[in-house]
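Student: Could we go through this structure together? I would like to take it piece by piece.

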Amino acid sequence: MTGDRRDDRRDDRRDDRRDDRRDDTCAYALFLDFDGTLVDIAPTPEEVVVEAGLPTILDALRSRFGGAVALVSGRRIAALDAFLAPFLFDAGGLHGLEIRAGGRMLERPALDSAPLRAAATSLRKRLLAWPGAFVEDKEHTIAVHWRLAPQAGAALADVMEEIVAGLGAGWRLQNGKAVAEILPAHADKGRAVEALLAQEVYRGRKPVFFGDDMTDEDAIRIVNARGGVSVNVGPRPSAAAFRLPDPRAARALLARWAQEAPRDIAADLTG
């Protein structure tokens with residue numbers, strides 16, 4: 001009988017160790033870019049395809065990470081909601097101009113967008129010279145895309161530099177993959193990550209961030225400074241500590257984490 005009790009205790013300890021490994025994600029908060037990270041880049045923002053099952057995987061990850069999962073994107077939060085329906089996730093939208101956590105909008109843009117309206121009108125007229133290039137007007141930021149007019153990239157980058165200089169010191173230019181975006185000078189994805197980390201469910205956790213573009217480097221810098229885990233998706237140069245080859249690999253890894261908590265996130269990224 002005594003031997004049986006010792007066996008029971010050993011079994012209990014093994015169960016406890018398994019529980020500890022399952023709960024390891026409670027030490028982390030997961031932040032995910034959308035375009036080029038969760039979904040493949042498309043010719044236009046409206047044409048991206050959300051892989052079947054991705055919203056459910058993100059919801060499972062939210063449970064796995066104790067609620068500490070957020071999207072960090074240049075898109076508006078409403079656009080992310082439309083792609084990931086029926087789920088609503090914590091998010092930093094418009095490069096941190098919008099912040100939502102726990103179902104509440106914590107930050108919204110509070111600035112005069114009239115200068116951008118004039119800039120958008122001017123840009124649309126000037127883009128007539130480059131068929132395939134187009135303006136994406138997000139009300140508080142404006143982006144020019146030239147993925148369908150690659151020959152226009154250098155000229156359009158110069159046009160955007162000219163436009164942002166005319167807007168004054170309160171605005172800056174953010175370059176990306178075949179896109180340049182004018183946004184308020186204080187907006188960046190690092191700010192979004194910091195704002196979310198200040199919320200109760202994220203507080204005290206190490207950030208894990210997945211991103212693919214130059215627009216994500218501000219978030220990667222914050223994550224690295226906080227001793228977190230930064231992941232670049234794709235081949236471009238980055239300050240990220242880890243790399244995945246493409247969005248397909250990122251989705252596969254996240255699906256695996258949704259099914260079974262990683263014992264060691266960094267080891268899982270190098271294995």
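Student: Where is Leu 156 found?
Tutor: Leu 156 lies in helix H5, residues 153-167. Helices (H or I, at least four residues) and strands (E, at least two) are DSSP runs, numbered from the N terminus. This is a predicted model, in which local features need pLDDT of at least 70 and side-chain atom pairs count only at pLDDT 80 or more, while totals for chains, interfaces and linings use all residues. Residues are numbered from 1 along each chain as its sequence is written, and side-chain values use heavy atoms, with hydrogens and water left out.

Student: Is Leu 156 buried or exposed?
Tutor: Leu 156 is buried, with a relative accessible area of 1%. Buried means under 20% relative accessible area, exposed over 50%, and partly exposed in between (1.4 Å probe, protein chains only).

Student: How far apart are Leu 156 and Ala 178?
Tutor: Their C-alpha atoms are 9.9 Å apart in space, and the two residues are 22 apart in sequence.

Student: And what phi does Ala 178 take?
Tutor: Ala 178 takes a positive phi near 55 degrees, in the hairpin of E8 and E9, which has two residues between the strands. Strands E8 (residues 171-176) and E9 (residues 179-184) pair in the antiparallel sense over six bridges; two strands pair if DSSP finds at least two bridges between them. Gly 176 stands opposite Val 179 in E9.

Student: How many bridges join E6 to E7?
Tutor: Four bridges join strand E6 (residues 134-137) to strand E7 (residues 142-145), and these strands run antiparallel. Asp 137 has Ile 142 in E7 as its bridge partner. The hairpin of E6 and E7 has four residues between the strands, and Glu 139 there takes a positive phi near 75 degrees.

Student: Changing topic: how many cavities of 30 Å³ or more does a search of the whole structure find?
Tutor: The search finds one. A cavity is a set of points, on a 1 Å grid over the protein atoms alone, where a 1.4 Å probe fits but cannot get out; lining residues have an atom within 4 Å of a point.

Student: What volume does the largest cavity have, and which residues are closest to its centre?
Tutor: Its volume is about 430 Å³, taken as the space filled by probe spheres set on the points, with grid points joined across faces, edges and corners. Of the 27 lining residues, Asp 35, Ile 41, His 145, Val 179 and Asp 213 are the closest to the centre. E7, E8 and E9 are the elements that give two or more residues to the lining.

Student: Next, where does Thr 37 sit?
Tutor: Thr 37 is in the loop between strand E1 (28-32) and helix H2 (54-64). Thr 37 counts as buried because its relative accessibility is 0%. A polar atom of its side chain lies 3.4 Å from the backbone nitrogen of Asp 212.

Student: And which strand holds Glu 98?
Tutor: Glu 98 is found in strand E4, residues 98-101. Glu 98 is buried, at a relative accessible area of 7%, and a polar atom of its side chain lies 2.8 Å from the backbone nitrogen of Ile 77.

Student: Last one: how many residues of H6 are buried?
Tutor: Seven of the nine residues of helix H6 (residues 189-197) are buried, among them Lys 189 and Leu 197. At the start of H6, a side-chain oxygen of Asp 188 reaches to within 2.8 Å of the backbone nitrogen of Gly 190.

Terms used
Polar contact = N/O pair within 3.5 Å; in protein donor to acceptor, adjacent residues only side chain to side chain. 1 Å grid on protein atoms, 1.4 Å probe; cavity = no way out; pocket = protein on both sides within 12 Å on 5 of 7 lines; lining within 4 Å.
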